[in-house]
Amino acid sequence: MTADKPLNWKIGGVALGLVFFLAVLLVKPIGVSTQFVILDGILADIAAPEFITQTEEGYTSTNAYMAKSDGKYAKSAANPLNYSFIFVLAMAAGAFASVMARGGLSKSERVAPALWRANFGDSAAKRYAVAFVGGFVVLYGARLAGGCTSGHMMSGMMQTAVSGYIFTAGAFAAAVPVAMIMYKREG
Amino acid sequence: MQIILAIVIGAAFGAVLDRVGAANPNWIGKMLSLKHLHLAKTIILAIGVGSVLMFGGQMLGLVEVGHMSVKAAYVGVFIGGLLLGAGWAASGYCPGTGVCAAASGRKDALFFIAGGLLGAAAYMATYPSWKASGLLDDIAGGKVTLGAVPGASYDGLFAVSGDVLGVALGAVFVLVAIVLPERLSGDGAGVETPAE
């Protein structure tokens, strides 16, 4: 399936760079990981309506992290129709449309990527378990760092932010050894 | 208006992440195990292009400096980076690309998102301990850029003009993207070359 081949790095890099630029030109730099907290906040507030409360100055929460910075996360969770949350939903829709336009993914690829299967076999359960634990560690780390690959690495280094460089150094210091140990076969 | 921009820019971001292979864990794994740097070249070029356009636009007065958003530097940024890197390598997903992959029909990415929601909740629950540890306290001036950007509220780490430095560094990123080889290791047997 030729559709699996990514864009040439020159075209792809310029296209991705233009999206970063458009974001900061029109609104603000791109970031994603905060929205996991916002969705958690929305879900928690459904389960326990006193989780987020409106005050005279704005919003607050029984959770200290949700309430920090004058309750800006609490405010976003109380009003999900905000730029950053819609951005992430639109990103998902854009990726879906792009994948469908090039013919969709194969059935086996939808369970586990080929590189994973080449190294760890066809067990779906094993792949799902690692993806789940990976997701936990990634989002815990992203929230501790205050951003993720998009917010810190791409948007951060683009703006010459010192924090972006610190984050990127940490991310690759861990990612390269882990990937080299786990993915010896190319698939 | 903001919502329309969120839809347009968000959809463009998701589509481009798919087309460059960033939402595909195969390419992430091959990049992070230093076998195939096609995606690294793409991302480094993108950062360079974005930087040159943004800082160049600021110097010409076409881009509002106030749209910049610089995050604080603290020890936790590095620790969090280490954690994210390990999970990114193991799963092949980061927060943005995991969402894109799940939307594309990858079932493993749904487990990534479920784990991610739990991980974010775990951080929310443990945040007071991190706060008390001092590891979230600013280092190197906190919200700083490498050089002071004219008109921005952020300090510069070095006594250089931030926008000139931004354009120069952007050019360096572009150059690195060009000279970086597609392959550092691996025999390449049985692997198709990427689209060129």
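Trainee: In chain B, how far apart do the centres of the positive and negative side chains lie?

Mentor: The model is a predicted one. Chain B carries 10 positive and 11 negative side chains. The centres of these two sets are separated by 8 Å.

Trainee: In what order do the elements of chain B run from the N terminus on?

Mentor: Chain B contains 7 helices and 2 strands. Read from the N terminus on, the elements follow the order α-α-α-α-α-α-β-β-α.

Trainee: What distance separates the end C-alpha atoms of helix α4 of chain B, and what span should the helix have?

Mentor: Helix α4 of chain B covers residues 75-91, which is 17 residues. At 1.5 Å a residue, α4(B) should therefore span 24 Å. This agrees with the separation of its end C-alpha atoms, which is 25 Å.

Trainee: Which residue just after α4(B) takes a positive phi?

Mentor: Within α4(B), the buried residues include Trp88(B), Ala89(B), Ala90(B) and Ser91(B). Just after this helix, a positive phi of about 85° is found at Gly92(B).

Trainee: What percentage of the residues in chain B is buried?

Mentor: Buried here means under 20% relative accessible area. Chain B has 196 residues, and the buried share of them is 55%.

Trainee: What share of the accessible surface of chain B belongs to carbon and sulfur atoms?

Mentor: The C-alpha trace of chain B spans about 50 × 45 × 40 Å along its principal axes. The accessible surface of the chain comes to about 7,500 Å². Of that surface, the part belonging to carbon and sulfur atoms is 70%.

Technical notes: Residues numbered from 1 in each chain as written. Chains lettered and ligands numbered in written order. Predicted model: local features only at pLDDT ≥ 70, side-chain atom pairs only at ≥ 80, totals over all residues. Heavy atoms only, no water. Helix = DSSP H or I, 4+ residues; strand = E, 2+ residues; numbered from the N terminus. Expected span 1.5 Å × (residues − 1). Buried < 20%, exposed > 50% of the residue type's maximum accessible area, 1.4 Å probe, protein only. Areas by Shrake-Rupley, 256 points an atom, 1.4 Å probe, with all protein chains shown as cover. Lys, Arg positive; Asp, Glu negative; His and termini not counted. Charge placed at Lys NZ, Arg CZ, Asp CG, Glu CD.
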